[in-house]
Amino acid sequence: MATIVLFHHVQGLTPGVQAMAAELRAAGHTVHTLDLFAGKLPKDLEAGIRMANKLGEDKIQERVDKLFSKLPDELVYMGTSWGAALAQQCAQQRPGTVAAVLLESFVDLDAEWSFGPWPENVPVQIHGMDEDPFFAKEGDLEAAQNFVEGEGKDVAQLFTYPGNKHLFTDSSLRSHDPEARALVMGRVIKFLEPYV
């Protein structure tokens, strides 16, 4: 089985994120969720961004490192939106990465704020809506397309879904798209089958 670290988005460790973890566990994986906001669930994206900024990178990193101190090196990193950026950073910078699943976010590998090169032979799936104001309109989708067609062509898969919702994979939020989420989870579970 894969050992997965699942990072939540800026609205916290919601029931929808926990449902995703439960679905992955039901498929045979071990899943660790880290509550970076200590139980708080911001009411919207703006409030979540404020909370993340207030916590600061050092505190967030401290909480992440505390989790990793108890885990093996061989991990699958997965996250949604803000959490996907954390998952991508871990996948690119921590030794032993098995695979990565990035939902609704992708950090351009050529950007000034990037995390460095993609690790050799590490498979990754990227999912997002094709009209999402964040994923599609702020450069993530274009960066993911360039990665999949370029240096990631042998390891990366990109899936887009019709729609303009952000956090559509969280079943507990109003932005949830049940049909698209079901497609995402089916593809993720199939992607992780070799590690069961």
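How much space lies in the largest pocket? The answer is about 990 Å³. The model is predicted, so local features need pLDDT of at least 70 and side-chain atom pairs count only at pLDDT 80 or more, while totals for chains, interfaces and linings use all residues. Residues are numbered from 1 along each chain as its sequence is written, and side-chain values use heavy atoms, without hydrogens and water.

**Sheet**
- Six strands form an open sheet with parallel pairing, in the order β2-β1-β3-β4-β5-β6.
- Strands (E, at least two residues) and helices (H or I, at least four) are DSSP runs, numbered from the N terminus.
- Two strands pair if DSSP finds at least two bridges between them.
- At the edges are β2 (30-34) and β6 (156-161), each of which pairs on one side only.
- On average, neighbouring strands of this sheet are turned by 15° against each other, direction ignored.
- Six bridges join β5 (residues 124-129) to β6 in the parallel sense, and Met129 has Tyr161 in β6 as its bridge partner.

**Pocket**
- A pocket is an open set of points on a 1 Å grid over the protein atoms alone, where a 1.4 Å probe fits, with protein on both sides within 12 Å along at least five of seven lines; lining residues have an atom within 4 Å of a point.
- Ser81, Trp82, Ala85, Ser105 and Val107 are the closest to the centre of the largest pocket, among the 30 residues that line it.
- Helix α2 gives the largest share of this lining, eight residues.
- The lining has 15 nonpolar, nine polar and six charged residues; Asp, Glu, Lys and Arg count as charged, Ala, Val, Leu, Ile, Met, Phe, Trp, Tyr, Cys and Pro as nonpolar, and the others as polar.

**Salt bridges**
- The count is three salt bridges, each a side-chain nitrogen of Lys or Arg within 4 Å of a carboxyl oxygen of Asp or Glu.
- One of them joins Glu23 and Arg181 (3.0 Å, N to O).
- Glu23 is in helix α1 (residues 15-26) and Arg181 in helix α5 (residues 178-191), 158 residues apart.

Definitions and conventions: Axes are lines fitted to C-alpha atoms, for helices over the stretch in contact, and angles run from 0 to 180 degrees between N-to-C directions. Grid points are joined across faces, edges and corners, and a volume is the space filled by probe spheres set on the points.
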